[in-house]
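Please look over the fold below before reading on. The paragraphs that follow go through its helices, its domains, its charged pairs and its surface.

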Amino acid sequence: MATPQVQTVNTTADKAKLAATAVLVILSLVAYYSLGKQGPLFQWLGLLVGLAVAVVVFLTSESGKALVAFGQDAVREMKKVVWPARREAIQMTLYVFGFVFVMALFLWLTDKTLEWLFYDLILGWKK
């Protein structure tokens, strides 16, 4: 079994980019609340522009590049998946619903049997 590789932020520039991303997110929230008197359009514009800049800065860092690579690998793997045909998917869904119905019926019958056994026979509590 392969040992997982733990990636850490090593370079000062990369740490600065991540810190700048955090600062930009905070500043965009501050801008959102500070622009309250100018109206909702400017509030949302300030927030979205600040967050967009933060995303761009994050994606230029090593962590951002690793996230993009992970996303690309995930898409590549999803393309390899053999999805079931419509008929197979409907058939399996019906099996699941049938099993759930049978289990619900079994649990209900078990509950009612135990209720009758304990309350009516053993304790003598009639409803």
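Helix H1 covers residues 12-34, and its 23 residues should span 33 Å at 1.5 Å a residue; the end C-alpha atoms are 32 Å apart, which agrees. The expected span is 1.5 Å times one less than the number of residues. Helices here are DSSP runs of H or I with at least four residues, numbered from the N terminus (strands would be runs of E with at least two). This is a predicted model, in which local features need pLDDT of at least 70 and side-chain atom pairs count only at pLDDT 80 or more, while totals for chains, interfaces and linings use all residues. Residues are numbered from 1 along each chain as its sequence is written, and side-chain values use heavy atoms, with hydrogens and water left out.

Within H1, the residues Asp14, Thr21, Ser28 and Tyr32 are buried. Buried means under 20% relative accessible area, exposed means over 50%, and partly exposed lies in between, with a 1.4 Å probe and protein chains only. The buried residues of H1 pack against helix H2 (40-60) and against H3. Apart from neighbours within four places in sequence, Thr21 is in contact with Ala54, Val57 and Phe58, where contact means heavy atoms within 4.5 Å. Thr21 and Phe58 are 37 residues apart in sequence, yet their C-alpha atoms are 5.9 Å apart in space.

The domain assignment gives domain 1 (1-81) and domain 2 (83-126); such bounds come from an automatic or database assignment. The C-alpha centres of domain 1 and domain 2 lie 47 Å apart. Helix H4 has 37 residues and reaches 52 Å from its first C-alpha to its last, close to the 54 Å expected at 1.5 Å a residue. Just after H4, Gly124 takes a positive phi of about 75 degrees.

Next come the charged pairs. A salt bridge is a side-chain nitrogen of Lys or Arg within 4 Å of a carboxyl oxygen of Asp or Glu, and by this rule the count is three. Arg76 pairs with Asp73, the closest N and O atoms being 2.6 Å apart. Both residues lie in helix H3 (residues 62-80), three residues apart, or about one turn of the helix. Arg76 is partly exposed at 45% relative accessibility, and Asp73 is partly exposed at 38%. Lys80 forms a salt bridge with Glu77, with 3.3 Å between the closest N and O atoms. Lys80 and Glu77 are about one helical turn apart because three residues separate them in H3. Lys80 is exposed at 56%, whereas Glu77 is partly exposed at 45%.

The side chains of Glu115 and Lys112 also meet in a salt bridge, at 3.2 Å from N to O. These two are three residues apart in H4, about one helical turn. An α-helix has 3.6 residues a turn, so residues three or four places apart point the same way. Glu115 is buried at 17% relative accessibility, while Lys112 is partly exposed at 37%.

Which residues form the nonpolar patch on the surface? They are Leu114, Trp116, Leu117, Phe118, Tyr119, Leu121, Ile122, Leu123 and Trp125, with about 930 Å² of accessible area together. Patches take residues with over 30% relative accessible area and no salt bridge, joining like charges within 9 Å and nonpolar side chains (Val, Leu, Ile, Met, Phe, Trp, Tyr) within 5 Å. Accessible areas come from the Shrake-Rupley method with a 1.4 Å probe, and for residues only the protein chains shown count as cover. Leu121, one of the patch residues, lies in helix H4 (residues 86-122).
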